[in-house]
Amino acid sequence: WREAYNGENGWAIGPDAGLDAVVNDETDALSLYDTLENEIIPLYYGERGANDMPAKWIFRMKESLRTITPLFSTRRMLKEYVQQLYLPAMK
C-alpha cells in the first residue's frame with residue numbers, strides 16, 4: 001500500500017515498519033481507531049454540499065480509483081507474471 005498511497009487516495013495506518021509483530025498489531029489497531037475517529041468518519045459524515053453529498057469523501061474515492069487501479073489490477077499482475085516469470089521459464 002505504501003507505494004500507492006499519495007496522501008489523498010486513502011489513509012496510511014500505522015508506522016512503515018520496524019516493530020515486532022505483536023507491537024505492530026497493537027500500533028496498527030490504535031492508529032486505525034484514531035484515523036477512523038478523527039479523519040474517516042468526520043470526512044464522510046461532515047461537511048455536505050447542496051445535494052447532501054460529502055464532496056471531500058467523493059473526491060477521495062475518485063482519487064483512489066484513479067491512482068490505485070492501474071497499480072493493483074489483475075491486468076498489471078498478469079503482465080508482470082508473464083514478463084518476469086513465465087517467459088524466462090520458457091527459455
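Tutor: Let's start with Glu63: its relative accessibility is 9%, so Glu63 counts as buried. Keep in mind that this is a predicted model.

Student: Okay! Which helix does Glu63 lie in?

Tutor: Glu63 is part of helix α2, which covers residues 55-68.

Student: And what does the side chain of Glu63 make a polar contact with?

Tutor: With the side chain of Asn6, at 2.8 Å.

Student: Which residues is Glu63 in contact with, leaving aside neighbours within four places in sequence?

Tutor: Asn6 is there again, together with Glu8, Asn9 and Ile68.

Student: Switching topic: is Leu43 buried or exposed?

Tutor: Leu43 has a relative accessible area of 18%, and under 20% means buried, so Leu43 is buried. You'll find Leu43 in helix α1, residues 21-45.

Student: What does Leu43 touch, not counting residues up to four places away in sequence?

Tutor: Leu43 touches Trp11, Pro54, Lys56, Trp57 and Arg60.

Student: How about Met61, what separates its C-alpha atom from that of Leu43?

Tutor: Those C-alpha atoms are 11 Å apart, while the two residues are 18 residues apart along the chain.

Student: Now the outside. Which residues form a nonpolar patch on the surface?

Tutor: That patch is formed by Met77, Leu78, Tyr81, Leu85 and Tyr86, and together they have about 480 Å² of accessible area.

Student: Let me pick Tyr81. Where is Tyr81 found, and why does it count as partly exposed?

Tutor: Tyr81 is found in helix α3, residues 74-90. Tyr81 counts as partly exposed because its relative accessibility is 37%, and that label applies between 20% and 50%.

Note on methods
Residues are numbered from 1 along each chain as its sequence is written. This is a predicted model: local features need pLDDT of at least 70, side-chain atom pairs count only at pLDDT 80 or more; totals for chains, interfaces and linings use all residues. Side-chain values use heavy atoms; hydrogens and water are left out. Helices (H or I, at least four residues) and strands (E, at least two) are DSSP runs, numbered from the N terminus. Buried means under 20% relative accessible area, exposed over 50%, partly exposed in between (1.4 Å probe, protein chains only). A polar contact is a pair of N or O atoms within 3.5 Å; within protein, one must be able to donate a hydrogen and the other to accept it, and residues adjacent in sequence count only if both atoms are side-chain atoms. Contact means heavy atoms within 4.5 Å. Patches are made of residues with over 30% relative accessible area and no salt bridge: like charges are joined within 9 Å, nonpolar side chains (Val, Leu, Ile, Met, Phe, Trp, Tyr) within 5 Å. Accessible areas come from the Shrake-Rupley method with a 1.4 Å probe; for residues, only the protein chains shown count as cover. A salt bridge is a side-chain nitrogen of Lys or Arg within 4 Å of a carboxyl oxygen of Asp or Glu.
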